[in-house]
Amino acid sequence: MTRIDVGSVLRHSANLPFSDLVTRPTGAAVRRCIQTELEALSEGDVAMLDFSRIGMMDYSCADEVVAKLLIALAGQDAHAGYIVFHGITDAHLEAIEVVLDHHGLALVVQFADGGARLVGSVTDQERAIWEMVYARGSAAAGDVTDISAHDPIELARILESLLQRRLLRHDGVEYTPLGPVQ
Amino acid sequence: MTAVIAVPASLDDLTFESVLEQLASHPADAKVIIDARHSTFATPYGLTALLTLAQTRDEKAEFLPPENPDTVSYWARAGFFRYAEELFDVRGHVPRPRSAGESDVLLEVTPVTKSDDVHGVVERIQERAASILLNNLHLESRATMGFAMTLSEACQNIVEHAGRGGWVMVQAYNYRRRLGGRYVVVIAVCDAGVGFRSSLESGQRRALSDRWDDAVALEAAVVNGVSRYGDPGRGQGLKGIRGYVHRWEGKFSVRSGTARIALIPSWEDDVPRRENLAYFPGAQLQIIIPEKVSVAA
């Protein structure tokens with residue numbers, strides 16, 4: 001998994017001696033730098049965006065760095081990579097959740113102990129199925145059908161949606177989480 | 001003939017209107033004297049709005065500082081004269097301000113013209129604001145990050161939309177006008193730029209209705225999140241401010257042109273919308289976050 005230290009990107013790409021992600025121009029500069037690094041990923045690779053060294057983040061920066069990055073990643077011309085977010089604190093979430101909700105986006109936050117959480121605009125069904133796949137480590141559609149009460153066709157649609165939103169990925173015929181599972 | 005504009009004894013967002021009303025009949029190139037000799041109190045809004053007023057005058061206005069030594073000393077500590085001396089012909093002696101950072105003001109009057117200024121403001125205020133919000137306002141720790149975000153977004157309004165520099169100031173004090181002297185933290189961000197109406201017009205974001213004026217433009221931007229930029233991610237800054245202010249039972253007001261709208265908490269009896277005010281260019285924002293008071297069982 002490729003690790004991108006967003007704090008380091010902020011200090012070098014935006015040339016600022018601060019640890020806070022504020023203002024749109026700063027956010028845009030940081031996002032462009034991250035996008036350049038993501039272009040080096042191979043098909044199916046996962047990048048971990050590490051916010052551990054970021055102090056606070058305002059709404060404008062959350063929109064520029066997080067939302068626009070996810071939108072670009074979901075675009076047709078996007079490189080086929082995945083992103084997990086690490087080092088996210090409640091202070092970051094305040095802004096991130098607002099912009100994710102605004103755009104109807106979602107992302108995966110990975111914790112230091114290996115645990116993960118889905119953040120953003122997802123339905124209860126999407127969250128439940130994502131958590132089911134995460135708990136198993138990987139699952140084929142049939143496996144999830146066996147342990148859930150969902151209609152198989154609806155289940156397939158939800159799994160495909162989670163895949164297209166890059167909240168899960170494919171490993172052969174199975175759906176798997178983006179990050180390591182302990 | 002030089003007009004004398006009297007500054008009220010207590011200068012805040014509402015009493016500042018009397019200054020604008022007196023100025024209304026005097027064009028920008030007319031000679032005026034801003035007489036603050038009898039002022040004894042000024043909020044961050046009052047001080048930053050006075051500097052903004054100076055920016056609107058083609059003919060440099062004279063300024064008579066407060067006579068009360070405590071008042072003039074406070075205005076100096078707040079950094080007001082550091083910029084007033086550039087913008088006004090300040091008459092008489094005013095105290096020399098101490099170096100920035102030694103003041104008892106949470107954030108002295110600070111110019112905001114570019115994105116880097118916002119970084120500086122946020123960096124400077126976080127530690128001191130956290131202490132005030134936790135210890136004096138008794139808010140939860142998550143309020144401190146939201147406060148910095150709110151301040152950042154308010155300042156960015158200048159950088160993104162005003163077209164010229166403005167001012168920010170933050171102070172904590174006992175709010176005597178309401179709340180029975182409860183502690184509040186007040187953010188004031190004022191500029192003399194293009195204002196909300198012109199900003200939206202420049203982005204072809206005028207509402208598709210017959211009525212189009214400062215009040216409608218303010219409502220579109222502040223309440224409905226319309227931005228002059230077509231980017232769908234825009235408009236979230238003011239929305240975020242509204243959310244933060246609502247969560248902590250604060251007050252948020254925005255004045256632009258001839259109108260002012262405000263989100264009014266239960267403890268305040270202000271009106272949500274004022275129209276046909278004396279014209280004042282740019283945008284003037286004020287955010288008040290009050291002390292949290294436990295409800296007795």
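For the classes used in these legends, Ala, Val, Leu, Ile, Met, Phe, Trp, Tyr, Cys and Pro count as nonpolar, Asp, Glu, Lys and Arg as charged, and the others, Gly among them, as polar. The views are taken from a predicted model.

**View 1. Lining of the second largest pocket, with five nonpolar, five polar and two charged residues.** The space in this pocket comes to about 220 Å³. Elements of chain B that each supply at least two lining residues are β4 (41–42), α3 (69–77) and β8 (166–175). Of these, α3(B) gives the largest share, four residues. Among the lining residues are B:Phe41, B:Asp70, B:Tyr74, B:Trp75, B:Tyr173 and B:Arg176.

**View 2. The largest pocket, with lining residues from chains A and B.** About 360 Å³ of space lies here. The lining has 16 residues, and those nearest the centre of the pocket are A:Leu93, A:Glu94, A:Glu97, A:Val98 and B:Arg247. At least two lining residues each come from α4 (90–103) of chain A and from α6 (142–162) and α9 (236–247) of chain B. The largest share, seven residues, belongs to α4(A). Sorted by class, the lining holds seven charged, six nonpolar and three polar residues.

**View 3. The largest nonpolar core, a set of 89 residues.** The residues with the most contacts inside this core are A:Leu21, A:Ile34, A:Phe51, A:Val66 and A:Phe85. Neighbours within four places in sequence left aside, A:Ile34 touches A:Ile4, A:Val6, A:Val9, A:Leu49, A:Val65 and A:Leu69.

**View 4. A second, separate core of 41 residues.** Its members include B:Val7, B:Ala61, B:Ala84 and B:Val94.

Terms used. Residues are numbered from 1 along each chain as its sequence is written. Chains are lettered from A and ligands numbered from 1 in the order in which they are written. This is a predicted model: local features need pLDDT of at least 70, side-chain atom pairs count only at pLDDT 80 or more; totals for chains, interfaces and linings use all residues. Side-chain values use heavy atoms; hydrogens and water are left out. A nonpolar core is a set of buried Ala, Val, Leu, Ile, Met, Phe, Trp, Tyr and Cys residues joined through side-chain atoms within 4.5 Å. Buried means under 20% relative accessible area, exposed over 50%, partly exposed in between (1.4 Å probe, protein chains only). Contact means heavy atoms within 4.5 Å. On a 1 Å grid over the protein atoms alone, a cavity is a set of points where a 1.4 Å probe fits but cannot get out, and a pocket is an open set with protein on both sides within 12 Å along at least five of seven lines; lining residues have an atom within 4 Å of a point. Grid points are joined across faces, edges and corners, and a volume is the space filled by probe spheres set on the points.
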